[in-house]
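Okay everyone, thanks for coming. Let's bring the model up on the screen and walk through it together.

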Amino acid sequence: MKTPPGASSRTKCSRELRSFCAFSCPRAKKLTCTAWFPQQEHPSENGPQMPGHGSPATSTMVLLLTSAEDLDCTPGFQQKVFHINQPTEFIEDQSILNLTFSDCKGNDKLRYEVSSPYFKVNSDGGLVALRNITAVGKTLFVHARTPHAEDMAELVIVGGRDIQGSLQDIFKFARTSPVPRQKRSIVVSPILIPENQRQPFPRDVGKVVDSDRPERSKFRLTGKGVDQEPKGIFRINENTGSVSVTRTLDREVIAVYQLFVETTDVNGKTLEGPVPLEVIVIDQNDNRPIFREGPYIGHVMEGSPTGTTVMRMTAFDADDPATDNALLRYNIRQQTPDKPSPNMFYIDPEKGDIVTVVSPALLDRETLENPKYELIIEAQDMAGLDVGLTGTATATIMIDDKNDHSPKFTKKEFQATVEEGAVGVIVNLTVEDKDDPTTGAWRAAYTIINGNPGQSFEIHTNPQTNEGMLSVVKPLDYEISAFHTLLIKVENEDPLVPDVSYGPSSTATVHITVLDVNEGPVFYPDPMMVTRQENISVGSVLLTVNATDPDSLQHQTIRYSIYKDPAGWLNINPINGTVDTTAVLDRESPFVDNSVYTALFLAIDSGNPPATGTGTLLITLEDVNDNAPFIYPTVAEVCDDAKNLSVVILGASDKDLHPNTDPFKFEIHKQAVPDKVWKISKINNTHALVSLLQNLNKANYNLPIMVTDSGKPPMTNITDLRVQVCSCRNSKVDCNTAGALRFSLPSLLLLSLFSLACL
């Protein structure tokens, strides 16, 4: 190769350059990478270096890439099957054959393994014996592997003898093609195919060998990708065993295809197999890193020491995790804002951990321009090389507040005035706090520490303004104390950090002036209670009310009046407060509730304007027997041919209270009704049974019933019970044709007398 003009030295590419070459020509089957460097006055002791990694003298470089096939590179052995005759003896260190393997990315970390422990492959691809040996079997397998590709080559020893052994045990790696079993003639090795291959298709990717295949037999390929979905991706030449792919593969969709090969006769009957054939899709760097777990929000406490971990950001790359295509490195592309330092944070390039790199003093939330930082985080595959693909995401970092500032009153003394008797907020106490208003480090909690023995005052925090709202909760009395002085302290909901304490500015004094107002008179006692019998004579004195004026320093007179008297039974003397009756008190009145009558009175002082007080009078009325009992029901029906002569069960009730009620006495007024027709019998203290002694003709009858209570003296009432004697035929009751009422003249006279007696 000729030296380019101006170049003085030539060297093999470094690992980084080989990776770049492999990325630039991923399809090349054979690639030579040569770097030419210009003449250097002072060459580096370490030889030529990558641009940007050495002295300024290495800033220019000529990179020459040569390839046998610039547009096509299939990773693996260039020849997969070899045939040699069994020698008399394999001689130690004598070359048997040369193997050519390429992963299309420079063969970095290439490693060979041989199925027989008596052979090895040198770094130049030469297969040699480790000692003199004669019998090694009919087949040797060579496995080659790099971080980007792996493949298997088969060495068929013509005339060799069978030996026992397991390829899985010898290689000791997980993914390998099965070794032909004893007496099996089908030989397969894994097929490696790069993803994203371009046209033309189909293209051969491997071959199946059957050394003992009968004539006219055929190869048959089955499995996922052939006759199972996705169908038609692979096919096999039934005569030669050549396996081809028909379309572009995507490793991120299917990474490994497990196929099966068998031989069949002309009728399709299986002769041997099926034998597994693994097709491995080799990854290409065709997926960018993606941050899938956002939004990414981290928090760090202000004043945190340098190196404090804030959060972790990890990206996902769909490429093969066993290759550099998915080997990610992280860095911070941008920080906003860039004050007080443009490098407030650092991200671990491998783990993605974001940590603080500035001193605790710079992480002072109260001095920062903005306590929220936004970082543009970049993830790059190919271990962060420039040829790698990138993806970005935004990390939001909040500088959290800690309680390093105590609240302080805006002034030492506050003034307030309140009228006596009033309640509610009288003054708002203001404080300042530099901490975050959304946290407990800013929210204030107030306490009255002196001057509130009667618990007349309370203080609460206004959640919007953080002010202390001082309230009167028990009315103040000017005549008792016209001035009050309170000592109030303020603290935060959250405790202060150890090196900060509450100072004198965290306490304040409140001076409260009570204003005198004309207060209404107060009744004592309230309520006032008396007990009297109902029906006492009109003009009876019940009591004398008493009201006093709380304004003891003002000599005022008091006048009384009635505020509420529902029944209009009472009168009050406006000067001395004497209450007497103006009507009969009736316990059974609808204005009486549970034997208690309620009235309200007013006491009015002579102030300007006058003040009024209200007092309540509760009169408990004792019962007297002033109500006669009454019966129910007053109408009954009976059939004219009834066999059961019971007419009706009567009940009695009385508005009075016991003992002026039951037991009741039931009687038929005998002077008005023949004794041999009707009968009344006692059932209990409140009920009796009325019955007939004989059947009556169809008609309406009035039966006078006399009922008497147990009061002293007792009271009696006579009530007509209307009995309808009806015709009852064929389950039909007919009372419409009942005759006129039947009663005697004596009955009318007696009813009249009883009516007069009740007046």
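The accessible surface of this chain comes to about 40200 Å², and 51% of that belongs to carbon and sulfur atoms. Accessible areas here come from the Shrake-Rupley method with a 1.4 Å probe, and for residues only the protein chains shown count as cover. Before I go on: this is a predicted model, so local features need pLDDT of at least 70 and side-chain atom pairs count only at pLDDT 80 or more, while totals for chains, interfaces and linings use all residues. Residues are numbered from 1 along each chain as its sequence is written, and side-chain values use heavy atoms, with hydrogens and water left out.

How many of the residues count as buried? Of the 759 residues in the chain, 43% do. Buried means under 20% relative accessible area, exposed means over 50%, and partly exposed is in between, with a 1.4 Å probe and protein chains only.

Now, what is the chain built from? The secondary structure comes to three helices and 56 strands. Both are DSSP runs numbered from the N terminus: helices are H or I with at least four residues, strands are E with at least two. Then there are the contacts, meaning heavy atoms within 4.5 Å. Take the contacts between residues at least 6 apart in sequence: 67% of them join residues at least 24 apart.

Let's look at some strands. Strands of a sheet pair through backbone hydrogen bonds, either parallel or antiparallel. For us, two strands pair if DSSP finds at least two bridges between them.

Here's an open sheet of four strands, in the order β30-β37-β36-β33, with mixed pairing. Which strands stand at the edges? Those are β30 (413–419) and β33 (444–450), and each has a single partner strand, so one side of each is left without a neighbour in the sheet. On average, neighbouring strands of this sheet are turned by 30° against each other, direction ignored. That angle is between axes, which are lines fitted to C-alpha atoms (for helices, over the stretch in contact), and angles run from 0 to 180 degrees between N-to-C directions.

Zoom in on β36, residues 483–492, and β37, residues 507–515: they pair in the antiparallel sense over seven bridges.

A hairpin through four residues joins β51 to β52. Here, Ser681 stands opposite Leu689 in β52.

Okay, disulfides. We call it a disulfide when a pair of cysteine sulfur atoms is within 2.5 Å, and by that rule we get two.

One joins Cys639 to Cys728, with 1.8 Å from S to S. This pair links distant parts of the chain: Cys639 is in strand β48 (residues 635–639) and Cys728 in strand β54 (residues 716–729), 89 residues apart. Is this disulfide left-handed or right-handed? The torsion about the S-S bond is about -85°, so it's left-handed. Cys639 is partly exposed, at a relative accessible area of 25%, whereas Cys728 has 16% and counts as buried.

The other disulfide is formed by Cys726 and Cys735, with their sulfur atoms 1.7 Å apart. The link of Cys726 and Cys735 is right-handed, with 105° about the S-S bond. Cys726 is buried, at 1% relative accessibility, and Cys735 counts as buried too, at 16%.

Most residues other than glycine have a negative phi, and most peptide bonds are trans. So where do we find cis bonds? One joins Glu229 and Pro230, with omega about -5°. Pro230 sits in the loop between β17 (218–223) and β18 (234–236). Another cis bond runs from Gly294 to Pro295, with omega near 0°, and Pro295 is in the loop between β21 (270–282) and β22 (296–301).

As for phi, Ala383 isn't a glycine, yet its phi is positive, about 55°. You'll find Ala383 in the loop between β27 (372–380) and β28 (390–400), and at 29% relative accessibility it counts as partly exposed. Ser595 isn't a glycine either and has a positive phi of about 70°. Ser595 lies in the loop between β44 (578–581) and β45 (596–605), and at 15% relative accessibility, Ser595 is buried.
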